[in-house]
Amino acid sequence: MIDEHIEKTKSAIESAENIPADKKAELVDLLSKLKPAIAKVSETHQEHAQSIARLVEASAHETIRPEKKPEHTNKLLHELKQSAENFEASHPQLAEFVGKYSTLLSALGF
């Protein structure tokens, strides 16, 4: 299920017309790094990992929408960061990649 969310997110980003090619490549690279980090969390915290994967997907879809709703995107990105921060001590790479991903999405949308 986690793989499905990440793959859907990659496809959405790759097909988005409002994201420059260099930023698409950067996002896809981050998603490739997030995927194993989320999978590692899922070994001990399946529900939290699923939630993070859903938030990754939802935040990307919200950012690439033609009609942006900054307040909704900001809320999703905040939830995503909060979820990852819960695992900062035990899974620092996850928190790092989520932080970079969130920052890049924020820069693209607003």
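Which residues of H2 are buried?

Analyst: The model is predicted, so local features need pLDDT of at least 70 and side-chain atom pairs count only at pLDDT 80 or more, while totals for chains, interfaces and linings use all residues. Residues are numbered from 1 along each chain as its sequence is written, and side-chain values use heavy atoms, with hydrogens and water left out.

The buried residues of H2 are Lys24, Leu27, Val28, Leu30, Leu31, Leu34, Ala37, Ile38, Val41 and Ser42. Here buried means under 20% relative accessible area, exposed means over 50%, and partly exposed lies in between, with a 1.4 Å probe and protein chains only. As a general point, an α-helix has 3.6 residues a turn, so residues three or four places apart point the same way.

Helix H2 itself covers residues 21-42, which makes 22 residues. From its first C-alpha to its last, H2 reaches 31 Å, close to the 32 Å expected at 1.5 Å a residue; the expected span is 1.5 Å times one less than the number of residues.

Helices (H or I, at least four residues) and strands (E, at least two) are DSSP runs, numbered from the N terminus. The C-alpha atoms fill a box of roughly 35 × 25 × 20 Å along the principal axes. Of the 110 residues, 44% count as buried.

Contacts (heavy atoms within 4.5 Å) complete the picture. Among those with a separation of 6 or more, 68% join residues 24 or more positions apart.

His5, in helix H1 (residues 2-15), counts as buried at 10% relative accessibility. Leaving aside neighbours within four places in sequence, His5 is in contact with Gln50, Ala53, Arg54 and Glu57. Ser102 lies in helix H5 (residues 92-109) and is buried, with a relative accessible area of 0%. With neighbours within four places in sequence again set aside, Ser102 is in contact with Leu77, Leu80 and Lys81.
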